[in-house]
Amino acid sequence: MRGAAATALSELEREIDAPGDGLDRLRLVPTPFVPEVRLHLAEDAIVWWARMEAAAGHALPPPYWASAWAGGQALARHLLDHPELVAGRRVLDLAAGSGLVAIAAALAGAAKVVANDIDPYAVAAVTVNARANRVAVDASGSDLLDSGDAEADVDVVLAGDAFYSRALADRMLPFLQRAAARGAEVLVGDPDRGHLPADRLTVLADYPVPTTEPSVDSSLRRVQVLRPE
C-alpha cells in the first residue's frame, strides 16, 4: 500500500489504538444485520469527520466507510445465507466502503476477493476490517468504472449501496451491465435511493435492515438485492 492509502491506514491504526471512547471514536462492533462481521465504525461519523478534518487542517472525503450502509448489510447477509453465489469464485466488490460485502464474500468461501473504492480511507478501512475478521481481501483504490476490461477477470461483481447519487449510478450501471454481458454474476444491494432503473433489474430478495447511517428518520430500511437484466 502506497501514498494516500498508506497515510490513511496509519491514521486509522492510530485511531483504533487510541484510548478513550465517545462520539468521535471508532469502535470494533458487530454489524447489526450481519453480526458475523465486525467493523471499525464511528459512533457518529459526522462528529468523527469534523475532528479529523480539524486535525488535518484541510477537507477530507466524507467517511462513508465509517457507517454500515443498509444496501451493503443486505447484500452481505444475502451472501452469507447463500454462499454458493461466491464460493470458490473470484469476486470484485465495488464502492466497497468499510469492506463489509467483500468480507462477507470471503467468509462465504470466495477464492479471491478484491474490494475497490477510490477513497484512500476506505481502502485503509477495508484493510483493518479484513484483518479484524481474519480474512484475505485485496484492497484497491483505482477508479475502475471507465475501464474497458476491469470486469474481465472476475466471476462475481458486487455493489452494495453504490447508487447513492445520480452521477455515480450513471457510471456504475454500465460497468455492471458489461460485467453481466461477459458472464459474471452481478448482485446489487439498494435501499431504493431512486437512482436505479427498476425495469432493468430483477429482485432476488427483500430485507428489513437496521441502519447505522447518519441523519436518517427510521431505524430500519427496506433493502432489495437485485440482479441486472
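Visitor: Is H40 buried or exposed?
Guide: H40 is buried, with a relative accessible area of 9%, where buried means under 20% relative accessible area, exposed over 50% and partly exposed in between, using a 1.4 Å probe and protein chains only. This is a predicted model, in which local features need pLDDT of at least 70 and side-chain atom pairs count only at pLDDT 80 or more, while totals for chains, interfaces and linings use all residues. Residues are numbered from 1 along each chain as its sequence is written, and side-chain values use heavy atoms, with hydrogens and water left out.

Visitor: Which element is H40 in, and what is H40 in contact with?
Guide: H40 lies in strand β2; helices (H or I, at least four residues) and strands (E, at least two) are DSSP runs, numbered from the N terminus. Leaving aside neighbours within four places in sequence, H40 is in contact with I16, R27, L28, W65, V128, N129 and A132, contact meaning heavy atoms within 4.5 Å.

Visitor: What about α5, which residues are buried there?
Guide: The buried residues of α5 are Y121, A122, V123, A124, A125, V126, V128, N129 and A130, and their cover includes α1, β2 (34-42), α4 (100-107), β4 (112-116) and β5 (138-140). The helix has 13 residues and reaches 19 Å from its first C-alpha to its last, close to the 18 Å expected at 1.5 Å a residue, the expected span being 1.5 Å times one less than the number of residues.

Visitor: How do α1 and α5 pack?
Guide: Helix α1 and helix α5 (residues 120-132) pack at an angle of about 50°, with their axes 8 Å apart. Axes are lines fitted to C-alpha atoms, for helices over the stretch in contact, and angles run from 0 to 180 degrees between N-to-C directions. The two are therefore oblique to each other, given that angles under 35 degrees count as roughly parallel, over 145 as roughly antiparallel, 65 to 115 as roughly perpendicular and the rest as oblique.

Visitor: Which residues make that contact?
Guide: From α1 they are A4, A5, A8, L9, E11, L12, E13 and I16, and from α5 they are P120, Y121, V123, A124, A125, T127, V128 and R131. They divide into 12 nonpolar, 1 polar and 3 charged, where Ala, Val, Leu, Ile, Met, Phe, Trp, Tyr, Cys and Pro count as nonpolar, Asp, Glu, Lys and Arg as charged, and the others, Gly among them, as polar.

Visitor: And where do α1 and α2 stand, at what angle?
Guide: The axes of α1 (residues 3-17) and α2 (residues 45-56) come within 13 Å and cross at roughly 120°. The contact is made by E11, L12 and E15 of α1 and W48, R51 and M52 of α2, which divide into 3 nonpolar, no polar and 3 charged.

Visitor: Last one, which residues of α6 are buried?
Guide: In α6, L168, A169, M172, L173, F175, L176 and A179 are buried, and the buried residues of α6 pack against β3 (90-94), β6 (156-160), β7 (185-190) and β9 (220-228). After α6 comes G183, whose phi is positive, near 105°.
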